[in-house]
Amino acid sequence: MNKKFYITTPIYYINDVPHIGHGYASIATDVIARYHRKQGEEVFFLTGTDEHGAKIAEAAAKLDETPKEFVDKLDLKFRAAWKLLNISNDEYIRTTDSLHGEIVSKLVEKLVERGFVEKRSYEGLYCVGCEKYMKESELVNGLCPDHLKKPVIQSEENYFFKLSAFADQLKSKIESDEIMIRPESKKHEILGKINLGLDDISISRAHVEWGIPFPGDPEQTIYVWIDALINYYSATKMYNREEFWPADLHIVGKDIFWFHAVIWSAVLLALDLPVYKKLFVHGYFTVDGQKMSKTIGNVIKPEDLVAKYGTDAVRYYVLSAFPFGADGDVSLEKMNQAYLKLANEIGNLFQRTIAMINKYEIKVSSSVIPAQAGIQANSDGSPGTSLENTVGPEDDNLQYIDIKPEMAELQLMEALRKIMLFAEDQNKAIAATQPWALAKEGKNEELASFLAKTHSKLIVLADALVPFMPETAEKMKDQLATLKLEPLFPRIEE
Ligand code: MSP
């Protein structure tokens, strides 16, 4: 049996079209999913959309559409964006799917049965943008710091989940990494918050119609975050992947980290279900130093970038721009520079090498590309585990670029840097060896051996790029097999 690996993106609010911030989360998750598939694991990669709640209902009302009409329209936009970015999700869940609704409703009923839910009256400040009640202390000048809007006072009878009862359990499980939260700084941040004490949370809404009815009380709907978090679990039932629970890795942005680290974990504990294994929290990116916003007019849409640079260059750029887990800044200028780097280092390397192989009629040993370089097959032919004793880029007998340590820590930028360094090394080797000079001097054996070696190194390079730039890696392998040249990163027409 192959190792199973269940990985998820957050499910996106479809109150607006997808932007590159959403794209970032999906690309990163996709790279990790593809990497695990390449290691021979059986991967279940889930993404989807979060379609209930006040935020979506308000967006639909603005357009005079029913929420259902509205989400159906936006659903197509999200699917199109993921296709364009070559996201290889195995399933795509929508919280408006009735099967999901049934599962959520059953689980909430179970929370009630187990005594973890209580009806109480409540008055608080609610931020619709965050879809949560806020504490006075969280506001900045009376506004929600994320949405720069004044929360509205809401007073209603709600069902409360006894989150406070789970503080000790959460603390010890997070401390011991039984629930692993990374980067470490985020683990400490959440432990600090739990130490301040956990308040019970309202898990129903009396004034939000667009949601799953609360079991036993049709006047209320289930709080959209409870509905949404359960997607990770309901999907395993809906798509017959029950053996994949608990999830191995949830990827989330720092803005929704609390909901996953604390609320989701506590709900699972309350249901007596195994908790997910790891939560990785990535940063936020700004555009030219500013928060992406419609009002500023700096929203970058994935389709605009892809139209200009192609899918793989966009994938490369967002992951190489700053460390996964940190905040960073993106700009069109830097996207352009990243594209030029790809063209100069990788595009050029392929161009020169294959042109010389053709010109000097070099016989290249193997045009067969191992499907999973770096993996030693088991005796029964099934893919086994990666070779442990790998070699560095400077080694002539290199079979693959060892990005295993980086990938184990989800250091995607560092992994890409290692791969890029390898490409740079090959360019340097060409400059130092000067194959054209060898040809002139009639040193044919030396020439043939150098170019054959470079050819095999390009196979290694292509293979390492598979999870990051899947289409380009395929093109590279094709070119190395057929020796037919086609620019990998064509010049951009302005
Ligand atoms: N619907 C909730 C998630 C529910 S998961 C059970 C939600 N959706 S969202 O569409 O607002 O955000 C989805 C993800 O996109 C979040 O992880 C968020 O951090 C990420 N990003 C949105 N804008 C971003 C940037 N500007 N930069 C990086 N990530 C960004 O929250």
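Which residue just after α8 takes a positive phi? I looked this up in what is a predicted model. The residue is N240, with a positive phi of about 55°.

**Entry 1: helix α8**

I then turned to the helix itself, which spans residues 231–238. I asked how many of its residues are buried. The count is 7 of 8, and I recorded α8 as mostly covered. The buried residues are N231, Y232, Y233, S234, A235, T236 and M238. I kept in mind that buried means under 20% relative accessible area.

**Entry 2: helix α1**

I next examined α1, residues 20–38. This helix has 19 residues and reaches 26 Å from its first C-alpha to its last. Is α1 enclosed or open? I found that 18 of its 19 residues are buried, so α1 is largely enclosed by the rest of the structure. Just after α1, I noted G40, which takes a positive phi of about 90°.

**Entry 3: the ligand and its shell**

Which residues come nearest to the ligand? Of the 23 residues around the ligand, I listed I11, D50, G253, D255 and F285 as the nearest. A nitrogen atom of the ligand lies 2.9 Å from a backbone N or O atom of I11. An oxygen atom of the ligand is 3.1 Å from a polar backbone atom of Y13. For D50, an N or O atom in the side chain is 2.7 Å from a nitrogen atom of the ligand. The ligand on its own has 670 Å² of accessible area, and the protein covers 95% of it.

I also asked which elements supply the shell. At least two residues each come from β1 (4–13), α1, α7 (224–229), α8 and β12 (249–253). Strand β1 gives the most, with 4 residues. Sorted by class, the shell has 13 nonpolar, 8 polar and 2 charged residues.

**Entry 4: a sheet of three strands**

Finally, I traced an open sheet of 3 strands. I wrote down its order as β9-β11-β10, with antiparallel pairing. The edge strands are β9 (204–205) and β10 (213–214), each of which pairs on one side only. As a reminder to myself, strands of a sheet pair through backbone hydrogen bonds, either parallel or antiparallel. Between β10 and β11 (residues 217–222) I found 2 bridges, and these strands run antiparallel. Which residue of β11 is the bridge partner of F214? I identified D217.

Notes: Residues are numbered from 1 along each chain as its sequence is written. This is a predicted model: local features need pLDDT of at least 70, side-chain atom pairs count only at pLDDT 80 or more; totals for chains, interfaces and linings use all residues. Side-chain values use heavy atoms; hydrogens and water are left out. Buried means under 20% relative accessible area, exposed over 50%, partly exposed in between (1.4 Å probe, protein chains only). A residue is near a molecule or strand if one of its heavy atoms lies within 4 Å of it. A polar contact is a pair of N or O atoms within 3.5 Å; within protein, one must be able to donate a hydrogen and the other to accept it, and residues adjacent in sequence count only if both atoms are side-chain atoms. Accessible areas come from the Shrake-Rupley method with a 1.4 Å probe; for residues, only the protein chains shown count as cover. Ala, Val, Leu, Ile, Met, Phe, Trp, Tyr, Cys and Pro count as nonpolar, Asp, Glu, Lys and Arg as charged, and the others, Gly among them, as polar. The expected span of a helix is 1.5 Å times one less than its number of residues. Two strands pair if DSSP finds at least two bridges between them.
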